[in-house]
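Me: I've got a model open and want a quick tour. Can you walk me through it?

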Amino acid sequence: MTTEKRHFDVIVIGAGVAGIYQIKRLTDLGIDSIVLEGDEDLGGTWYRNRYPGARFDSESYTYGYSFSQELLDEWHWTERFSSQPENLRYLNHVADKFDLRSHMRFNARVEAMTWDEDALQWHLELQNGDKYTARFVITGIGVLSAPTPPRIKGMDDFAGPSFHTYWWPKEPVPLAGKRVGVIGTGATGIQVIAEIADKVSELTVFQRRPNWSTPLNNSPISEEEMAEIRSRYDEIFANCAISPGGFEHVPDRRGFWNVPKEERIALWDKLYASPGFALLAANFREIFIDEEANKEISDYVANRIRQRVHDPKVAEKLIPKDHGFGMQRLPLETHYFETYNRDNVHLVDITETPIERITSTGIQTANSHYDLDVIVYATGFDAVTGAFDRMKIRGVDGASLGDKWRDGPSTYLGILTKGFPNMMMVAGPQSASGSTNYPRAIETGVNWVTDLLQHAIANGITRLEAGADGEQEWQHEVKKAYDGLLLRKSQGWFTGYNSNVAGREVGKVRYQAFFGTGPKYAARLKQAAERGYSDIMFG
Ligand code: NAP
């Protein structure tokens, strides 16, 4: 009889973009390690989000891993913003190429983690009852991996298919000839609505607050273009490393008020027609910090919406009035606004006519019943800390991480948190992952965590924990970055607001991510290592 090994020096939780690279680094170093993944296969975000229209909004070639020249040389991204199936194929290719699958266990959802101060190890309990122990745990559990369906009366009564976009079924969902309702108009809703509008018989969008959104401007990548991209990879990653958001787009540093209005508009015309986050990331910095500058760019984007939507009343409903452009995470769209010019697409403003309940045949609002065959909940996530809250994590003296972070996370560099020794977070709360091009900050985080582990192993360190001073200082830096930005006033996930999670009040900011830019984040990590990790308590 063979018994599966259940103790490891390092356990990585999650086989998404972070966990895949983390296990690569660990196994390369010969460290006794494994990945535990709750899903039945790897891929994380790109395994789960199978809804029609799901794709990158970072340029594909800035999203892929940079660690292997061979991988860069052989992979062909077929689109500038590649779609979910291709992204999942890519992650599988990486795992297979580097033989990482053999270091992963699937259907292994960690439900609880308890620190054992005597044995200096973590005890992990899985949903299926299995138990593991590890000296160190590294979490790669994602920033947007705890979906939050709404809490609407009657949801279980609906007779047809209904699901949150995160759980869009693997098997094809027949949509042709169906009456589909979508609740939610964030980045996910905007992608799914635009993609299915011409495939369904009727599409009814239930919108609470509209979002600003600008064109993705996607296009295929030919063999020749891919060859050119490959020849530039060093330059591309160097550009990402010095740009605030981890993209190739760089801010216009001339100063908003130094540039005449006509020139500003000319720049915005150019950026609006450019791919990806150009209008956000290649704009003037002032739009994020100065109300007047923000109003001007918001008016510009509002006019673009008015030009694209034929019915002026519908156009006004699609223009956010409660927050300015760039204050929430910007969704990128492909013909989203034109979708509302179609006869089979209907916009229901649920601030005017609230949803009262879901019935067996559709959605009942304050003044109408909408007959539906399929209901899609594109209602977002308990972002950043949600995935931690779903595991019962108990640290020193049995203290609960959920309790420590009740009013918002507190970390050291987004990687450690005091009271929870030997637990390291990649893409954790208050890292730059949530605020910049995700994999770029992940590589920075994984490399730093791996160096720290190597330092611990080389020095016979069996216990490491964030010191109080370092954590407090990082709180100060994280907060300072929010305080300087208009986004602190937003109701999006950047500030941790979510109407479907109890206790989240509008205006009460949870300092979820580090908004001080990618390069600053990388520099702070580098500095901490160069100072011999002096903010960490070693034992
Ligand atoms: P989201 O941005 O949080 O949007 C959720 C939407 O659902 C909002 O419109 C929200 O309205 C609405 N909603 C939530 N609860 C509701 C309720 N009870 N009743 C009615 N409406 C409700 O979530 P998301 O669209 O899933 O996007 C989350 C993040 O995932 C994005 O910001 C982005 O970072 C990432 N993402 C990335 C891509 C990509 O292209 N790579 C694609 C999709 C998502 P309110 O605004 O009024 O709360």
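Predicted model: local features only at pLDDT ≥ 70, side-chain atom pairs only at ≥ 80, totals over all residues.

Me: Good. Then which residues of α1 meet α16?

Reply: From α1 they are Val 17, Ala 18, Tyr 21, Gln 22, Arg 25 and Leu 26. On the α16 side, the list includes Tyr 438, Pro 439, Ile 442, Glu 443 and Val 446. Asn 447, Val 449, Thr 450, Leu 453 and Gln 454 of α16 are in the contact too.

Me: Nonpolar, polar or charged, how do the residues of that contact divide?

Reply: Ten are nonpolar, four polar and two charged.

Me: At what angle do α1 and α16 pack?

Reply: About 35 degrees, with the axes 10 Å apart. Helix α16 covers residues 438-458.

Me: And is the crossing left-handed or right-handed?

Reply: The crossing of α1 and α16 is right-handed.

Me: Which of them are closest to its centre?

Reply: Arg 109, Ile 141, Ser 145, Tyr 166 and Ala 387.

Me: Which elements give two or more residues to that lining?

Reply: α1 (17-28), α2 (45-48) and β4 (110-116).

Me: Which element has the largest share of the lining?

Reply: That is α2, with three residues.

Me: What's the lining like by class?

Reply: There are 17 nonpolar residues, ten polar and six charged.

Me: Now the sheet with β14. What is the strand order?

Reply: The order is β13-β14-β15. The sheet is open, has three strands and pairs in the antiparallel sense.

Me: Which strands are at the edges?

Reply: β13 (355-358) and β15 (369-371). Each of those pairs on one side only.

Me: How far are neighbouring strands turned against each other?

Reply: By 20 degrees on average, direction ignored.

Me: Zoom in on β13 and β14. How many bridges do they pair over?

Reply: Three, in the antiparallel sense, with β14 covering residues 362-365. The two strands form a hairpin, and three residues sit between them.

Methods:
Residues numbered from 1 in each chain as written. Heavy atoms only, no water. Pairing = 2+ DSSP bridges. Helix = DSSP H or I, 4+ residues; strand = E, 2+ residues; numbered from the N terminus. Axes fitted to C-alpha atoms, helices over the stretch in contact; angles between N-to-C directions. 1 Å grid on protein atoms, 1.4 Å probe; cavity = no way out; pocket = protein on both sides within 12 Å on 5 of 7 lines; lining within 4 Å. Nonpolar A, V, L, I, M, F, W, Y, C, P; charged D, E, K, R; others polar. Left-handed = near helix turned anticlockwise from the far one by under 90°. Contact = heavy atoms within 4.5 Å.
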